[in-house]
Amino acid sequence: MSFFEIENLSLSFGGVKAVDGVNFAMEKGEVFTIVGPNGAGKSTIFNMISSFYAPDEGHIRFKGEDITEARADAIARIGIARTFQNIELFEHSTLLQNLLIGREIHNRVPVLRQLIFDPGVRRAELEHRRKVEDVIDFLELAHYRDERIANLPYGVRKKIELGRALCVEPELLLLDEPASGLNPEETEDMGFWIDDIKNDLGISVLMIEHDMSLVNEVSDRVLALNNGCVIAEGSAQEVQNHPDVVAAYLGGAA
Amino acid sequence: MRVLFKTDYNQDIKFAKHSGYVFWYGLLLAGVFLAPMALDTYWINELTRVLIYALAGLGLMVVTGFTGQVSLGHAAFMAIGAYTHAFLLTQGVPFFVSLPIAALTSGVVGLLIAIPASRMTGLYLTIASLAFAIVVEDVVIHWEGVTGGNRGMAVDPPMLFGYEIFEAWEYYYIVLVLLIMSIILVLNVLRSPLGRSMLAVRDSEISAESLGIRVARTKVLAFLISAALTGLAGGLFAHFIQFLSPETFGILLSIQLLLMIVVGGLGTVHGAIYGAVLIGFLEATISIMKDWLPPAIGNQPGLEPGLFGVILVLFIIFEPEGVYGRWLKFRTFLENFPFYRRNTFKRQRSYLKTERMR
Ligand SMILES: Nc1ncnc2c1ncn2[C@@H]1O[C@H](COP(=O)(O)OP(=O)(O)O)[C@@H](O)[C@H]1O
Ligand SMILES: [Mg+2]
């Protein structure tokens with residue numbers, strides 16, 4: 001039994017087979033990267049893991065448990081958090097509020113007590129705040145703590161979204177193109193953080209990424225996808241030099 | 001320019017974030033508590049009306065401003081609160097028992113309609129809320145045994161522990177205290193996980209879900225709290241107007257409530273209060289203007305809703321953050337003078353939303 005397994009996963013949109021019989025497995029503590037040209041079906045796999053889409057066929061297993069049918073709002077409780085390709089932050093709220101929302105699954109206080117806001121609620125809030133501040137320190141976001149997201153630049157938002165996922169304290173973190181839209185310096189930082197997330201926080205990472213320097217730097221294993229099908233799997237070097245992968249990227253560029 | 005040094009996480013939880021809050025809100029509180037001593041009955045009544053609107057608007061704010069579900073039927077919750085309260089009073093139930101029951105009844109109705117409505121989004125939900133309001137109006141007309149139907153229903157002044165509340169200033173204080181309690185309740189929601197979930201659901205349902213927020217449950221709870229507060233306002237309104245009839249709680253009132261929170265500033269408690277003050281002021285102005293205008297215009301039946309509609313549209317186009325948003329910008333300008341950057345509040349639109357799901 002692997003830590004996280006995708007088995008024969010398929011999904012069509014109308015006539016388009018977005019994901020076509022994909023299999024892979026990753027182990028605890030790994031950074032596992034999916035690469036492939038645009039439209040290969042990478043984000044669709046993430047959206048099936050998040051239960052936003054139900055697969056036509058196949059299974060998703062996490063620590064031996066079949067989570068294919070789990071509700072979308074149960075995935076975080078199971079231990080899986082994610083970021084989005086196009087950043088889905090709560091725009092009108094501050095950075096601090098965004099990260100506090102990431103603590104949702106750790107909230108145990110019943111609604112009625114929240115309305116009264118008794119001292120127990122305050123204690124719980126302070127506890128969440130301390131966890132959030134750890135993440136703010138970790139990602140060096142203190143400068144923006146009370147800024148509204150709508151006023152912040154893209155690179156910072158990308159970091160905040162990563163931070164919000166970390167506030168969930170997941171066992172598995174899904175990152176959908178964490179470096180897209182970042183400049184080379186920010187991309188390098190992202191690489192360090194992913195390493196720290198793996199090594200210091202002990203969180204396994206399943207990542208979609210185009211930036212090959214980042215993929216080479218952090219990935220333990222790489223899977224290449226094209227037209228919904230797996231075309232190669234192995235180390236970053238092996239996958240990059242695989243003739244089908246080269247062809248897929250050249251074909252995709254044409 | 002004020003630079004805040006934060007030394008304690010409690011500072012972000014407390015209502016009064018710094019000494020300026022204590023001073024200005026203390027002044028405001030003193031003002032509203034002392035107001036009846038300086039005003040005559042007419043103006044005390046006008047103020048009471050504003051407080052009741054503020055309470056109803058606060059309710060609508062929870063559902064529309066915090067959770068992003070636009071309701072065009074909130075007058076119906078005022079109707080449910082008002083008629084339930086008035087009916088219970090005729091059955092001999094005491095004021096301070098009947099009022100919470102009325103609020104709760106309205107809240108439970110809100111909860112029941114929210115269960116199917118929370119699956120709808122945007123325009124569909126708004127249309128459903130409108131339909132709901134029409135149904136409630138119909139029920140009020142036809143359930144004559146309880147509501148008096150089209151003949152209407154008189155409401156007696158409240159009796160408190162055998163003492164009849166007859167004076168305008170006495171009722172003003174009852175309304176004021178209940179409004180303050182409701183504001184505290186809503187502020188508590190906002191600083192709790194529930195309030196954060198509401199804002200999350202409003203801004204991005206999919207990322208809310210991916211963080212474990214139960215979207216439907218959050219919307220239903222918002223409706224429950226919202227309908228209860230607006231129902232409470234309805235119960236208080238019943239004594240204020242002293243006579244209930246079905247057309248009191250029509251579409252015009254619903255539009256007025258929506259106008260209030262949009263003009264005041266969506267998504268904040270301030271917005272509901274500012275909106276109520278402005279609408280109260282507007283209503284008074286319109287009724288004065290009516291005497292000045294030539295009768296052909298002044299007596300047009302659609303004058304008020306027409307004006308409200310125009311103002312609503314103007315605000316949505318030019319100042320979507322409402323009067324409170326405008327005030328925040330002005331204050332920032334003053335605090336940073338002469339260093340204000342023109343684009344401080346300009347929203348960044350530098351990224352694509354094209355691949356967003358749903
Ligand atoms: N909600 C959707 N409706 C219809 N087609 C979709 C939807 N989401 C993705 N697709 C299609 O599925 C294919 C894979 O998309 P996606 O998984 O986003 O690719 P990528 O590998 O670039 O992340 C594309 O052809 C895309 O157009
Ligand atoms: Mg993608």
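Guide: Helices (H or I, at least four residues) and strands (E, at least two) are DSSP runs, numbered from the N terminus. This is a predicted model, in which local features need pLDDT of at least 70, side-chain atom pairs count only at pLDDT 80 or more, and totals for chains, interfaces and linings use all residues. Residues are numbered from 1 along each chain as its sequence is written, chains are lettered from A and ligands numbered from 1 in the order in which they are written, and side-chain values use heavy atoms, with hydrogens and water left out.

Visitor: Which residue with positive phi follows helix 1 of chain A?

Guide: Helix 1 of chain A covers residues 42–49. The residue that follows this helix has a phi near 65°, and it is A:Ser51.

Visitor: How many residues of helix 1 of chain A are buried?

Guide: Buried means under 20% relative accessible area (1.4 Å probe, protein chains only). Those that qualify include A:Lys42, A:Thr44 and A:Ile45. Of the eight residues in helix 1 of chain A, the number buried is seven.

Visitor: Which helix gives the largest share of the shell around ligand 1?

Guide: Among the residues surrounding ligand 1 (a heavy atom within 4 Å) are A:Lys42, A:Ser43 and A:Thr44. The largest share, three residues, comes from helix 1 of chain A.

Note on methods: Buried means under 20% relative accessible area, exposed over 50%, partly exposed in between (1.4 Å probe, protein chains only).
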